[in-house]
Amino acid sequence: MAKVQLRNLTKRYGDFVAVDDFSLDVADGEFVALLGPSGCGKTTTLRMIAGFVEASTGEIRIGERDVTEYPPYRRNTGMVFQGYALFPHMTVFENVAFGLRMRRLGAAETHERVAQALKLVRLDGHVDRMPRQLSGGQQQRVALARALVVQPDVFLLDEPLSNLDAKLRQEVRLEIRQLQQALGLTTIFVTHDQEEALTMADRLVVMDRGAIQQVGSPAELYDRPVNRFVADFIGHSNFFNGRVCGPGEFKMDTGAIVRFDPEAATPQGDVSVAVRPERISFGHSPAAGTINCFEAEIEAVTFAGPRLDLILRCEGDRIIAHVHNSDGNVATERHHVGEQGFAMWSPSSTRLVSR
Amino acid sequence: MVTCIYGFLFLPLIFIAFISVFSNRIISFPPAGYTLQWYFNILSQVQFVTGFVMSFQVALLAMIFGCILGTLAAIALTRFSFPGKAFLNMLLMSPLVVPGIVAGTALYVFYIQITELFGIRLAASLPGLAFAHITITIPWTVRLVASSMGGTDRSIEEAAMNLGANPWKTFTKVTLPLIRPGIVAAALFSFIVSFGNLEMSLFLVGPGKTTLPIAILQYLSFNLDPTIAAVSVVEIVIIGVAMLVTNRFVRISSIV
Ligand SMILES: Nc1ncnc2c1ncn2[C@@H]1O[C@H](COP(=O)(O)OP(=O)(O)OP(=O)(O)O)[C@@H](O)[C@H]1O
Ligand SMILES: [Mg+2]
């Protein structure tokens, strides 16, 4: 395995910029997820690393090699495609052995390594099946084994779980993570599913319209989003517009003052205040010592299993608060539409983000 | 209803087969008796035997060259973009829309010119006929192979390259096996189209260099005995078998 360095990668299609000045260092053995909405350039970035898309400008280094000008077959990356892309005319064994044969390995070693790889993905015993005789989950495992058996420098996955049903997805997600850690695979994983990214990756790269918005650990991105896009894309956030009017003080457009932690980093330019729904509590009287406390009225109540979603009208905005359903069946009856009260949160739950 | 349609389609064929065993010298109804002598008569008519051999050779050549050139063209058209691509596509397809007799006449004039300029005789020769037929086997091959290229997932080829296969290996180990059914179908279809072609060959044949459909036509001008029916039955059987084999590779209904 090896580290990967991407320097100012840009891809233009005519006037359209699909990937814009993308720079990222992935450490040896690190698992990085590229996350962003559809069309933000995730696949294009991954395909530039694999060599299927030529970068308009920029540099790609894998290990110590500058591979920017290399064709795909000389880059030694291991890619898992969204639709698996197994060779339909070859058996499972031949599929997995393909990369080794291209590397001219002897028959004995090929057999041994294929068997090993299939065992790793718990598919030993299916070697003579054709891909069409396998379930989606099994095909997925063949694709993983096929990419891993050649010992690639970097493991590239493009939404590998999107064709699996929800339950299987959970399972394979865990398996890929375990495999990655056990083998110390440098991995770049593309997804538009934030939960997938948050639970699997060491580090997340949030992209929008071709450009990196923020890079950081899952907790970092969740707790300290730098801009409104990240705050809203990772989890959900309530936003209030306004401006900073003093140390730790933010004046909303309605005139009310929200207090935030003056120690926290303050972005430049136009800012908004972002508050996570689970940090907002709703009560009939201001709780003692609460600093941010605003009148609110319940507009809707939605039952969401482990929690209750309250849609509140607060400071002229519609916001969402999550209430934990810890005491069971009475939760829905505790709140009703039209109820008047207060929405409250602490300054440390108040984040300033650039707009 | 369906029975009616099938009856309508197959009745002439059955009727031809029926006539081919009449013992009357001139086709007439009802038959005076039944015989297989007309089938033996085919072999004693030299133009049918040489016509069959000629048609077979022409069809084989048209199939081989049409498939090679057509497959290459199909790959170029589906995998690469280059200036004039739309024009090339149109050009390759055009022999299908020009009436065969027009194209045949044009080629005849062209061959005569070549003969005058270079002294090479193409009219009424095997290469001349084969070349003419290649112009119709290419478009069929392009269509068939392009549609099977279109049906293959590009990421499968990318997977091969990702695993270290260079473009040639990717083509031979992955692309070619994936489009093979299309190529086989194209080959058989080309053979059928060439073997049964009449219009295009009309002006391109000569004494002793005649294809089977034209030999049949010529025989018909002077005779009206059931030999014609017998020859037709033989040709129908050959083409029918080829169709059935083709159908194992692609459903013919999906391409015509
Ligand atoms: N060959 C191409 N020509 C023109 N535009 C392209 C081409 N390939 C991709 N694009 C554009 O580049 C943008 C990024 O595409 P990309 O496939 O990288 O998105 P993505 O982030 O992977 O989205 P998704 O989550 O839907 O897979 C899209 O707007 C797409 O339309
Ligand atoms: Mg994508």
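Mentor: Start with the largest pocket: α8(B) gives the most to its lining, with five residues. Keep in mind that this is a predicted model.
Trainee: Which elements of chain B each supply at least two residues of that lining?
Mentor: They are α3 (46-79), α7 (154-162) and α8 (167-195).
Trainee: And which residues lie nearest the centre of the largest pocket?
Mentor: B:F80, B:R154, B:E157, B:M161 and B:P167, out of 18 lining residues. By class, the lining has 10 nonpolar, three polar and five charged residues.
Trainee: How much space lies in there?
Mentor: About 450 Å³. The second largest pocket holds about 300 Å³.
Trainee: What lines the second largest pocket?
Mentor: Residues of chain A, including A:M1, A:R113, A:L148 and A:L185. Helix α3 (residues 107-120) of chain A gives the most, with four residues. The lining divides into eight nonpolar, two polar and one charged.
Trainee: New topic. How many residues does each chain bring to the contact?
Mentor: Chain A brings 21 residues and chain B brings 17 residues. The area buried between them is about 1700 Å², and carbon and sulfur atoms give 70% of that.
Trainee: How many salt bridges between chain A and chain B?
Mentor: One. The side chains of A:R47 and B:E158 form it, at 2.7 Å, N to O.
Trainee: Which elements of chain A give two or more residues to the side that touches chain B?
Mentor: α1 (42-50), β6 (77-80) and α2 (92-102). By class, that side of chain A has 14 nonpolar, four polar and three charged residues.

Conventions
Residues are numbered from 1 along each chain as its sequence is written. Chains are lettered from A and ligands numbered from 1 in the order in which they are written. This is a predicted model: local features need pLDDT of at least 70, side-chain atom pairs count only at pLDDT 80 or more; totals for chains, interfaces and linings use all residues. Side-chain values use heavy atoms; hydrogens and water are left out. Contact means heavy atoms within 4.5 Å. Buried area is the accessible area (1.4 Å probe) that two parts lose on being put together, summed over both. A salt bridge is a side-chain nitrogen of Lys or Arg within 4 Å of a carboxyl oxygen of Asp or Glu. Ala, Val, Leu, Ile, Met, Phe, Trp, Tyr, Cys and Pro count as nonpolar, Asp, Glu, Lys and Arg as charged, and the others, Gly among them, as polar. On a 1 Å grid over the protein atoms alone, a cavity is a set of points where a 1.4 Å probe fits but cannot get out, and a pocket is an open set with protein on both sides within 12 Å along at least five of seven lines; lining residues have an atom within 4 Å of a point. Grid points are joined across faces, edges and corners, and a volume is the space filled by probe spheres set on the points.
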